[in-house]
Amino acid sequence: MLEAFEILTTSGVVLWSKSYAPVGAHVINSLINDVFIEEKVVPQNAATVSPVFKKEKYTLKWRRNKEFSLIFVAVYQSLLHLGWIDKLLENISTIFIDIYKDQLKGNRTRITTYRFDPYFEQQVRELEDNTGSVAEIYSAEVEGKKDPLVSSDNGGPPPPLPGFLKAQHQAALAGATSDEGTPPASPDTSRSTTPNHIITGKSGPRTSRRARKAANASANASSGDEHSRSRKPAKSTPAKKMRKWDADGYADEDDGEILDYSAPAEDGDAAAPAVEAVAQEDWGRRTGKGQFVLKELGEEVHNILDNADAEKSKDDAGSGVVGSGFNAIGGFFRNIVGGKTLTKSDLQKPLKAMEDHLLKKNVAREAAVRLCEGVEAELVGKKTANFQSVDAALRIAMEASLRKILTPTSSLDLLREINAVTAPTTKQHAPRPYVMSIVGVNGVGKSTNLSKICFFLLQNNYRVLIAACDTFRSGAVEQLRVHARNLKELSSRENVGEVELYEKGYGKDAANVAKDAVDYGAANKFDVVLIDTAGRRHNDQRLMSSLEKFAKFANPDKIFMVGEALVGTDSVMQARNFNSAFGTGRNLDGFIISKCDTVGDMVGTLVSMVHATGIPIVFLGVGQHYGDLRGLSVPWAVSLLMK
Amino acid sequence: MSTQASWTSLTGILTFLFEGSLSAIAVAILITFGVPVLLHIFFFRSVASPPSSNFLLLGPSGAGKTAFTTLLEAKSSPASKKSQTTHTSQTSTLITVTLPPSVPTGSNKYRSINDPSLKEATRNPIRYRLKDTPGHGKLRQTQGIAELVSMSSSKDLKTKIRGLLFMVDTAALVDEATLRDTASYLHDVLLVLQQRALGKGKSSTKRDAEIPVLIAGNKQDLFTALPAGSVREKLEGEIERIRKSKSKGLMDAGGGAGEEEEEEEVLGDDDGKGIFSFKLLEQVGIKVDVVGGAVKGDAEEEIGSGVRRWEEWIGMCL
């Protein structure tokens, strides 16, 4: 079953919500955080209409409306497969926007009380009945209970038609959701004389006609009349009567009553007063129930949906010869003057150009395509500002999108974090060394960047231990030894910090060496342990699998991956594979992009890597010296990319 | 032809004007009646327009900013009395709300309680505008801080900022990570304000109004919530630590020669020595108050009693 349904604005206010079971606010918050803000999770919307997001045991589907910046979210248990959720989201968004158009446009959007419950209930019931497996189960139950009784009763009730049956369940479901214990469906549901009708005026005669029709249908039910076969719940009225007729085999005291009006029904016109009489005595205790409203709602709702469909088809048809001619001329002027509502076709060419531009900046194709898609989705349906061309609008949107991607979610103050670990303010944690490890593909500059970081830490007066865990490539330990010697020399000259190398030669298991190094660091009161690892190809399963053990043994506070700025399309796969190599629950903590000085303004790798994983860039290597390590300045990167 | 010729000479024009032709009379009437109206509009706009009443609401995600705005909105509208549930925001919103008449305002500070004109104020309550911003880490720079920069540097009275509310979740501050996050955001915000105050001090006379800061300690209704004084202490301590590590941190890439001095900027006193406290900021004209409150949790009594003290603060700014 559906757990909850919410309608919220992008500013975070829930306009209307309905929950069948308590769903924590964090479920929807994480949807907003992961999907809308951080874009960590790429919604896979290949087959379905609405994208899907899974959190804990729930599956969330949503639909966005840009015009009113609304988000419609449906939450249900992942165990269930509810095929009608897509349709529900679509219908509800159409109906809600149609009904509350004026309120949403005004500035009182957030204070209005939205009495949307009946509309929603109606939709859920309808869609559930049309396609839901729940309804099928239910129907099986009902039939099972009913059949023996029916056969034992008055001999030959007409065999229930499929259409009637369906409507019956609908009514039964409606009864189940109502809070009173009254028998849910009786002819009076069709009466329009009740005070809480929405459209009182015109429904009167129509209902009675339908009642007549229904009566006729019940008389010659075996003929398989198709009237009630329609999917409109408006026509559920006859069916409900029919149900009563069926149910009388079930409840004996109703028996006479039903027979009463099935008999005069054969006379046609005479049926109406009889029905009315029953209704009059019944409605007194039924007022205020959703059921009266239900039928009218159905009509209203279907009007809205039909209108929306008609609009859509009109839009499609509108692109005729004359229309397109006018549109083209108008569009040309609006492109200059601004105030143009952007469509997909307007954006096609500029987007292609933008994509090429990004590719030229060495952004991986996958990332570029996804960025462009995101920007397109954001821009379609928007109006350009005055004197703003499509290109300019696109440029601004792309810049914003890039900035959003590159901006880290939380502060990347490494020194602050080291201090928090080595000298905790609270007594709960004992001081311990801060462990950082560095991974990456062969030859990207792991050791070089490690020694740069080490130099930076030494400047801040930390005691650093370098652990040589590349026990595989010949010369790796010697390389680090040279670095350590240089750094020691430099630090002693400036009288800052201390550095030591921890080495265990070649051929040992790297994970064990790392673990020993951390223990050694803790025993000797080092502040930071820097672990160098062997370079590995990211698509070599054998080499990558040892990383999981490494992460478990050394348990680093930070795992940084070094990526070259030179690498092109492969950056996405590198980032992804390394990110998932540490087992469940452990990811990379940041990227170090090396060799940035060699690419000029083609810094696309930054975007590709962050875009693939949602992990921030911590450092940039910008030269050959120990001091050539920089933090990432987002405006700088964005301006280079958009140049 | 004759009329055209008459335009070339002064006497010609005068003759035309005094001829009593219909168009000349129409123009005269238009000017006579139009000019006073225009003058009134012009002077009324520029002189009599009240000072801006924009407040900016900042703070990390989950502190209760949107909940606060919806509460105020619900309070100031007569129709609905229930504030809505909220989720993480993605965009900022600007709302116009009224200050309850019972809250004293700064402009009425020196008036007697028995002043009959105060009654006037109860009938048309003061309206102010509050801008709610998203607090998510990715959106802070582009929306929160950018908004603050544009509002504080704005010359236009309509968009100028009057006060800044920084909302914190006092119940979550015990957690190290939350505290760090909150403090670093606050640090960035205060740094922007300080840069503005110092920059203005050099170039021009003190024309710009100061921007007071309220640190609104939300969720005081919870059991684990820290009291306002303790919140102040914690934030000061954490900002001190951030200040220290910032001064030692790496430069950002792409920093040209011109940018380097900006990087050196430290919150508080110039040399960055001594322990940081909000008092240090008062030297540059940034007044920071820490006041506790609660958006939720006020049971059946009238809604919004938990935010009364924040509203009083807003009132004193107006």
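Predicted model: local features only at pLDDT ≥ 70, side-chain atom pairs only at ≥ 80, totals over all residues.
Several side chains of α2(A) are buried, namely A:Ile85, A:Leu88, A:Asn91, A:Ile92, A:Ser93, A:Thr94, A:Ile95 and A:Phe96.

Chain A as a whole is divided into domain 1 (2-115), domain 2 (130-305), domain 3 (339-406) and domain 4 (414-642). When the centres are taken over C-alpha atoms, domain 1 of chain A and domain 3 of chain A are separated by 25 Å.

Chain A also contains an open sheet of eight strands, in which the pairing is mixed and the strands follow the order β8-β7-β9-β6-β10-β11-β12-β13. The edges of this sheet are formed by β8 (498-502) and β13 (629-630) of chain A, each of which pairs on one side only. Strand β7 of chain A, which comprises residues 463-468, pairs with β8(A) in the parallel sense, and five bridges are found between the two. Within this pairing, A:Arg463 has A:Glu498 of β8(A) as its bridge partner.

Two residues of chain A were examined for their backbone angles. Most residues other than glycine have a negative phi. A:Asn362, although it is not a glycine, has a positive phi of about 75°. A:Asn362 is placed in the loop between α13 (344-360) and α14 (365-379) of chain A, and A:Asn362 counts as buried because 24 other C-beta atoms lie within 10 Å, where the cut-off for a buried residue is 20 or more. A positive phi, near 60°, is likewise found for A:Lys595, a residue other than glycine. A:Lys595 belongs to the loop between β11 (590-594) and α22 (604-613) of chain A, and A:Lys595 is buried as well, since 22 other C-beta atoms are found within 10 Å.

Chain B has 10 helices and six strands, and of its 318 residues 36% are buried. Among the contacts in chain B with a separation of 6 or more, 77% are accounted for by residues 24 or more positions apart.

One strand of chain B illustrates how side chains are arranged in a sheet. In a regular strand the side chains alternate between the two faces of the sheet. Strand β5 of chain B (residues 213-218) runs parallel to β6(B) and is joined to it by five bridges, and the bridge partner of B:Ala216 in β6(B) is B:Val291.

Where the two chains meet, 39 residues of chain B are in contact with 43 residues of chain A. On the side of chain B that touches chain A, at least two residues are supplied by each of α4 (65-76), α6 (137-153), α7 (176-203) and α8 (228-248) of chain B, and α6(B) gives the most, with five residues. By residue class, this side of chain B divides into seven nonpolar, 23 polar and nine charged residues.

Definitions and conventions
Residues numbered from 1 in each chain as written. Chains lettered and ligands numbered in written order. Buried ≥ 20, exposed ≤ 12 C-beta atoms within 10 Å, placed from the backbone. Helix = DSSP H or I, 4+ residues; strand = E, 2+ residues; numbered from the N terminus. Contact = placed C-beta atoms within 7 Å. Nonpolar A, V, L, I, M, F, W, Y, C, P; charged D, E, K, R; others polar. Pairing = 2+ DSSP bridges. Domains from an automatic or database assignment.
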